[in-house]
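The sequence and structure are shown first.

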Amino acid sequence: MQIKSLQYYSTLFLWTVCCFSFSQDKASAFSKPMSLPFHLAGSFGEPRPDHFHSGIDIKTNGVEGEPVFSIYDGYVSRIKVSSVGYGKAIYITHPNGYTSLYAHLGRFSDVIEKFVHGQHYAKKQPEFDLYPDAGTFKVKQNDTIAFSGNTGGSTAPHLHFEIRDSKTEHALNPLDFYPKNFYTDTIPPQLNKVKLYTFNSRYYEAQTDVLPLKRSENFLTTDAPIVIDKYNFFCLSLEGFDKQDTSENKNGIYRIQMFINDTVLFGYTMNTIDFDKTRMCNAFVDYHEMMNDSGYFYNCCQLKNNTLAVYQNGNGFIRIKNKDTAEIAIHCYDYNENKTSIRLKVIRNDSEVPSDSRDMAGTILTDKKDSIRLNGVKITFPDKCFYDDVSLKTDLWYQPDNLLAPVYSISHPGGYIPLQKSFRMEFSTVIKKQRNKVTIVRTDADGQVTALPTKSTKTRFYTESRKLGTFFLSYDTTKPEVKILYPETERVKNKVIQVKIGDALSGIDSYNGYIDGKWVNFYYDAKNDLMEYVIDGNCPKGEHLLKIVVTDKTGNKTTVQQKFVY
């Protein structure tokens, strides 16, 4: 028994050492996804509207077609082709508990491309999400799996690269898996402004003030102490970004710590992303400033229904009494621990605090389901729809040229405000004419018009929205636009046929191309409204008839035919 116990503990010790060694040496387990250096167009965790950036964007010097490699042994567990988002993407599951993702690809390696091509024609689908069996595409470290591109939501050629925990599916910072010298950054974060929010009880009724920051010795500060003339509470946000030595892109700030009178009050470290909570990015930064294109203001506070796991040390809301002074120090770090420090002095004047009397009309209490009704319109908010209790402004009127239903406006007096969940908008109406062509339209504060997915019963039209705005019913009877981009009967050059498509209101629902009546695969580049077919074995040399059929989301359909020679 004694010998067996010794062997057991020896084995346990060796296993522990091995696990520890891997955790310490994980930076050397993975190879690079490209031969190019880590010059980043986007950093891990930087804020974007409605989501955090869940990987790093590796620059490809403005070109497409750079080889992309598997960073470790494993198998292709997912292949996605989409006109938006990641575009063409590959997921590889590795035996060490991680999954790597390579996105915005131009094309796949020959063997995978052949498989994907066959799936397009078998399914007659230009977009899909495939989950091959573990034995279908086994790969070794440094195998070429694809070539870089600019597909999906990408705005310039690059590789979007992620590493995820295979069990939790949370995104991890890829830089954690590589030696420090792979990523050159000696430039500390650049902070430009501080935004002050003063309030009595509810953050979203705050009065705000934006102040520039200036250099003073080895830290940043404001021109003068910040004076609060009323209200009992305040919190802060910081506008800024980080830059890499080898890139001009404005990237995210990795870590912030805030102290008041030498006591830590708030902090975050952006080291993991839970995709179920990525929309909480809208509460991680000042949503109004982000949507107003005024830069990213990093909130030094945590709103009530913001449950991101990146926060430490407190919620950042500060109570200040009459004649009190708060000495605040904020340290902002990038991934390489370059630091920018800010020192602020906040003084509370001896003045009367406004009463906390509230007009509850239009106030949504976020901890419970709530609703608003007005003249045939009902809006239902689920619990935790907002990040805190919020007072909303509502209005209703009729448009002279649109008598389908009243126009309903719902907004926040302070401007843009983020929602974590969708609310339900219902219009009661007995419209009988072309009900299938009726859609609910939302106009945002910036004038952007969006037709929302709309359902109906005999007496109601309803939809869901994660943005406030102006809502009304409208007919969509206009067919999509389709334009084949070459003259009729002209010989096709470079083996590529391009078609421009678009829809004025509800948006493209389906798009298909046919040659001599046979379906062929067109890739749709949604950001450029462009369908593209690379001529394959389904189009032999000779004269052919091309047919394009495009349908919008209310069923309006456009069919265009044109001869060509290949």
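Which residues form one aromatic cluster? In this predicted model, the cluster is made up of Phe52, Phe266, Tyr268, Phe284, Tyr298 and Tyr311.

## Aromatic pairs

The count of aromatic pairs comes to 25. Among them is the tilted pair of Phe381 and Phe423, with 5.3 Å centre to centre and 45 degrees between the planes. Phe381 belongs to strand E31 (residues 377–381) and Phe423 to strand E35 (residues 423–428), so this pair ties together parts that are 42 residues apart in sequence. Phe381 is buried, at a relative accessible area of 0%, and Phe423 is buried at 1%.

Tyr486 and Phe564 form an edge-to-face pair, at 6.2 Å centre to centre and 80 degrees between the planes. Because Tyr486 lies in the loop between strand E41 (481–484) and strand E42 (496–502), while Phe564 lies in strand E48 (residues 557–565), the pair ties together parts that are 78 residues apart in sequence. Tyr486 is buried with a relative accessible area of 13%; Phe564 is buried at 0%.

## Charges over rings

The charged end of Arg107 sits over the ring of Phe147, 4.1 Å from its centre. Lys32 lies over the face of Phe38, 5.5 Å from the ring centre.

## Cavities

There are 2 cavities of 30 Å³ or more. The largest cavity holds about 150 Å³ of space. Its lining has 19 residues, with Ser43, Phe44, Gly252, Tyr254 and Tyr335 nearest the centre, and divides into 11 nonpolar, 5 polar and 3 charged.

The second largest cavity has a volume of about 30 Å³. Its lining residues include Phe38, Lys180 and Tyr335, and the lining divides into 7 nonpolar, no polar and 1 charged.

Definitions and conventions: Residues are numbered from 1 along each chain as its sequence is written. This is a predicted model: local features need pLDDT of at least 70, side-chain atom pairs count only at pLDDT 80 or more; totals for chains, interfaces and linings use all residues. Side-chain values use heavy atoms; hydrogens and water are left out. On a 1 Å grid over the protein atoms alone, a cavity is a set of points where a 1.4 Å probe fits but cannot get out, and a pocket is an open set with protein on both sides within 12 Å along at least five of seven lines; lining residues have an atom within 4 Å of a point. Grid points are joined across faces, edges and corners, and a volume is the space filled by probe spheres set on the points. Ala, Val, Leu, Ile, Met, Phe, Trp, Tyr, Cys and Pro count as nonpolar, Asp, Glu, Lys and Arg as charged, and the others, Gly among them, as polar. Rings of Phe, Tyr and Trp (its six-membered ring) pair if their centres lie within 6.5 Å; planes under 30 degrees apart count as stacked, over 60 as edge-to-face and the rest as tilted. Helices (H or I, at least four residues) and strands (E, at least two) are DSSP runs, numbered from the N terminus. Buried means under 20% relative accessible area, exposed over 50%, partly exposed in between (1.4 Å probe, protein chains only). A charge sits over a ring if NZ of Lys or CZ of Arg is within 6 Å of the ring centre and within 35 degrees of the ring normal.
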